Amino acid sequence: MNALDYLVTLGVLVGIAAYGIWRTRGHQNLRTYLRGSRETKWFTIGLSVMATQASAITFLSTPGQGYESGLGFVQNYFGAPLALIVIAAVFLPIYRKLNVYTAYEYLGKRFDSKTRLLGAALFLLQRGLGAGITIYAPAIVLSTVMGWRLDVTIIGTGLLVVIYTVAGGSDAVNLTQKYQIGVIFVGMVTAFFVLLARLPAGLSFGDALAVAGGFHKLEAVDFSLNPDRRYTIWTGVLGGMFLALSYFGTDQSQVQRYLTGASLRESRLGLMFNAIFKIPMQFFILLLGALVFVFYQFERPPVFFNQAAWHYAADHGAGERLQVLEHDFEAAFTDKERAIQAWMTARHAGDVAAASASRTAALAAQARVEAARTATKETLRAADPRTTVNDADYVFITFILDHLPHGLIGLLVAVFFAAAFSSKAGELNALGSTTTVDIYRHVVKRDAADAHYVTASKWFTTLWGLVAIGFALFASLAENLIQATNIIGSVFYGVVLGLFLLAFFFKRVGGTAVFWAAIVSQALVLVLYFSLSISYLWYNVIGCAACMILGFLLQAFLPKLNQPQIDSNAHR
Amino acid sequence: MVHHPPEIPDDASTGLPGFRTWRGVYWFVLGVFVLWVGLLALLTKLYS
């Protein structure tokens, strides 16, 4: 990065944050600080919901997924439109009618105090852990770009977001998210066209798709019934719908976004905006990754994208072995590039047999490339056991730094940070408000002035920011970052969704039955998670089903639970 | 005698041209979802 890049990055980020705080200054009562002033239009809500979900991980890690595994991850989002329709039709009118601050406040009104606290606790637990990952992701970018220490970067960026969120409140979060997602769209679309322009002369967009498809990168839909497959249309539609129902319908970081709507109509349209554009957005980001893969078929990539780890190992006794592997990689890459060029020549000439033979040769060379990469990863791990051998998260940032013009590098780095700030701000805002409304005001201090709760909310937001920073510092993130986020969500979301579905649709089930059903179901999901190897998306279905079935059984067979309980403090 | 249709409350109206009810909006969104999945399945078939 040069001075122009720094200027662009800082200008974009500081400008948006300062504008957001200035526009929403003076919002100091609890209602406007936590829930916004309820004047927000559908377009802002739609972008805000999108920005809260689309963290830096989305733009950093998803292209890496596209590069490594192709488009299959898009199936993860197939359940989202279905879930958003259910939320807009059923969940949203109830939340608005009851005029709640948080989704868990509704559980208190419908069931009882302990169920409200359980719902809030499960949210705080999983979102607090997930929040650590959303700090970790941009910290990788910064530490790679600037050569800073990762831990110092995590602490620095984490504190920056905490300050920004505490100063802003809900309205400022919504407003800044709108401009941040605007910057994100502009940056990603620009990167896409620059990438197309950087492909070799004579290679059309159709050729690029053919190359990507030839290496199995365009397999977006998998109809396989094998439960071990992580992404299939079935896990996406069913597991993805449960995940999305839970995330968009019961996770306070999202509920808080659409509760700011000026009317039910504005909130509904904001959700429908996401129902329409979520799948194409994720497809576009994955396709970007698949095209980066095509680009690196004609431009030699590093054997391992986390170059800092490679250089560390080279300097600590593994240099000779890594050099040998570099030569193997280089030879395999050259053979592969030659085979792909022959393949494209045959494709242009319409020679199907020659094209097929060249493609087979390219795939064989790719196997040698992968073998060299695997051996490199083993060498890196042997030199430093702490090394994470999955380098997919470094692919897109490496491409940006090595191949994009200055100015645009600054814009793309701003994209990562805009995404990080917008999702982090939404999460911390929700963690702070849930702790204040569902724990502190409900249990600890019931009749204080609004100003007291606003101050408490700011302190809780700060506290959660520090917890997230701590988790980011000490968590061992072996998997791809975006998967890690979804795995944590899936382990907890199913049970929370079960709680809400029982609340919305089954009026005869009472609080005590639901409470114990949720406790047992969560324990069951955790046991299954640590003992099975099925796709994590299924835990959304299992947790939800277990909670609902157990809730019915407990309500039916334990007579003393049959008296519905009313939370006398639900209004607080 | 002029017969006035019942007034639709603000939140019941979609305010979208061509969509009188929310049910219509939901069917439209569902249709778009099916279209996206169909196009992605076609892409998979063409390039696998």
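**Figure 1. Chain A as a whole.** Of the 572 residues in chain A, 57% are buried. This is a predicted model, and what it shows for chain A is 20 helices and zero strands. Along the principal axes, the C-alpha atoms take up a box of roughly 75 × 55 × 45 Å. A compact globule with 572 residues would have a radius of gyration near 25 Å, and chain A comes out at 25 Å, so the two agree. Take the contacts in chain A between residues at least 6 apart in sequence: 87% of them join residues at least 24 apart.

**Figure 2. The two domains of chain A and where they touch.** Chain A splits into domain 1 (3–296 + 399–473) and domain 2 (307–387). Their C-alpha centres sit 35 Å apart. Seven residues of domain 1 and seven residues of domain 2 make up the contact. On the domain 1 side, helix α9 (residues 205–214) of chain A gives the largest share, with four residues. By type, that domain 1 side has four nonpolar residues, two polar and one charged.

**Figure 3. Inside the largest nonpolar core.** This core holds 191 residues, and L84(A), L291(A) and V415(A) are the ones with the most contacts inside it. Helix α12 (residues 264–298) of chain A puts in the largest share, 18 residues. Both domains of chain A take part, since the core draws at least three residues from each of domain 1 (3–296 + 399–473) and domain 2 (307–387). Zoom in on L84(A) and, leaving aside neighbours within four places in sequence, you'll find it in contact with A244(A), F248(A), L271(A), M272(A), N274(A) and A275(A).

**Figure 4. Helix α3 of chain A, mostly covered.** Of the 12 residues in α3(A), 11 are buried. Among them are W42(A), T44(A), I45(A) and G46(A), along with L47(A), S48(A), V49(A) and M50(A). A51(A), T52(A) and Q53(A) are buried too. How far apart are the end C-alpha atoms of this helix (residues 42–53)? They are 17 Å apart, which agrees with the 16 Å that 12 residues should span at 1.5 Å a residue.

**Figure 5. Around Q254(A).** You'll find Q254(A) in helix α11 (residues 252–258) of chain A. Is Q254(A) buried or exposed? It counts as buried because 25 other C-beta atoms lie within 10 Å, and the cut-off for that is 20 or more. Leaving aside neighbours within four places in sequence, Q254(A) is in contact with V49(A), T52(A), Y247(A) and F248(A). Two of these, V49(A) and T52(A), are buried residues of α3(A), while F248(A) is also in contact with L84(A). For a sense of distance, Q254(A) and C547(A) are 293 residues apart in sequence and 22 Å apart in space, C-alpha to C-alpha.

**Figure 6. Chain B against chain A.** Chain B has one helix and zero strands. Of its 48 residues, 19% count as buried. The contact between the chains takes 19 residues from chain B and 22 residues from chain A. On the chain B side, those residues divide into 13 nonpolar, four polar and two charged.

Terms used:
Residues are numbered from 1 along each chain as its sequence is written. Chains are lettered from A and ligands numbered from 1 in the order in which they are written. This is a predicted model: local features need pLDDT of at least 70, side-chain atom pairs count only at pLDDT 80 or more; totals for chains, interfaces and linings use all residues. Helices (H or I, at least four residues) and strands (E, at least two) are DSSP runs, numbered from the N terminus. The expected span of a helix is 1.5 Å times one less than its number of residues. A nonpolar core is a set of buried Ala, Val, Leu, Ile, Met, Phe, Trp, Tyr and Cys residues joined through C-beta atoms within 7 Å. Domain bounds come from an automatic or database domain assignment. Ala, Val, Leu, Ile, Met, Phe, Trp, Tyr, Cys and Pro count as nonpolar, Asp, Glu, Lys and Arg as charged, and the others, Gly among them, as polar. The radius of gyration is taken over C-alpha atoms; the globule rule is 2.2 Å times the number of residues to the power 0.38.
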